[in-house]
Amino acid sequence: MLFRTLTAALLAAALALPALAQEPKREITHIAGDVWRFQNNFHTTVFVVTSAGVVVTDPINAEAAAWLKAEIARRFAKPVTHLVYSHSHPDHASGGAVFADTATVIAQENAPPEIDGVAPDIRFSERLNFTVGNHTFELTSLGPGHGSDMLAMVIRPENVAFVVDVVSPGRLPYKDFPGADIAGLIEQTRRVEALDFAILAPGHSRLGDKADAVEAREYVEWLRAAVAAELTAGKSVAEIVAGLDTGAYPDWGAYGIWRDLNIQGMARWLKQSGEVP
Ligand SMILES: [Zn+2]
């Protein structure tokens, strides 16, 4: 009995160990010119070290933002002058108070009055361009789809576009499109494609370019048509999940874990939106 209790205790300790040892993966990498990428586990943001201060984007969460703020101070010795939210979803937009002491906070006008306790100083409807030191920032509303307050930010002269959740290069859309209006998501992606940029810096996945936005849209459009055709032919969602030929996408990230969810989410949206009776 004692042995068994000891074994159970050791097992419990061993199981607890990875959790205790699990530090978030945080990393700063160079994109181009004065544009840098910050990774916190599976979320990424960009920041720009201009001649007149640092422009940061999504804070991700308070711990991540505090880490990034300290790194920016240590490496570049410049204040954070602006904080731009891609959108208000909490997994990207929490922790902004860390930067709000020195930063002008900018969001699209449909963002809530406060984003994790931070009230944006500047809101805009369609477009907002501003200059900080030797860089220009072009903000474009992407309209409703994934969220209703999504913007894209193009940084010049590097021609880097920061685009979150609408396009994740080389990776399937997240799970079952939670909360998304998929027709709107396709339109958001078209708005990204219409922007003038060379490098796409997303909120998830690897860096990409305009071709990744086109491929992301084409995948969602293909899935929409394919699932609609199967539903219209009278198949159940389970039958579609089992039988749909998604063989063009097996090398995309998260294919193994999100393929079935993508189909289920698409079927749900097609029915909810009335596209398929
Ligand atoms: Zn989101």
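## Exercises on a predicted model

In this predicted model, the largest nonpolar core holds 65 residues, and those with the most contacts inside it are Phe 47, Leu 83, Ala 152, Met 153, Ala 161, Val 163 and Met 266. Helix α6, residues 210-232, gives the most to this core, with six residues.

**Exercise 1.** Find which residues Ala 152 is in contact with, leaving aside its neighbours within four places in sequence.

Solution. Take C-beta atoms within 7 Å as the cut-off for contact. With the sequence neighbours left aside, Ala 152 touches Thr 140, Leu 142, Ala 161, Phe 162, Val 163, Val 192 and Leu 195.

**Exercise 2.** Check the span of α6, then state which of its residues are buried and what covers them.

Solution. Step one: the expected span is 1.5 Å times one less than the number of residues. For the 23 residues of α6 this gives 33 Å, and the end C-alpha atoms are 33 Å apart, so the two agree. Step two: the buried residues are Asp 212, Ala 213, Ala 216, Arg 217, Val 220, Leu 223, Val 227, Glu 230 and Leu 231. Step three: their cover includes α5 (182-193), β12 (199-202), α7 (237-243) and α8 (255-272). After the helix comes Gly 234, with a positive phi near 95°.

Definitions and conventions:
Residues are numbered from 1 along each chain as its sequence is written. This is a predicted model: local features need pLDDT of at least 70, side-chain atom pairs count only at pLDDT 80 or more; totals for chains, interfaces and linings use all residues. A nonpolar core is a set of buried Ala, Val, Leu, Ile, Met, Phe, Trp, Tyr and Cys residues joined through C-beta atoms within 7 Å. A residue is buried if 20 or more other C-beta atoms lie within 10 Å of its own, exposed if 12 or fewer, and partly exposed in between; C-beta atoms are placed from the backbone. Helices (H or I, at least four residues) and strands (E, at least two) are DSSP runs, numbered from the N terminus. Two residues are in contact if their C-beta atoms, placed from the backbone, lie within 7 Å.
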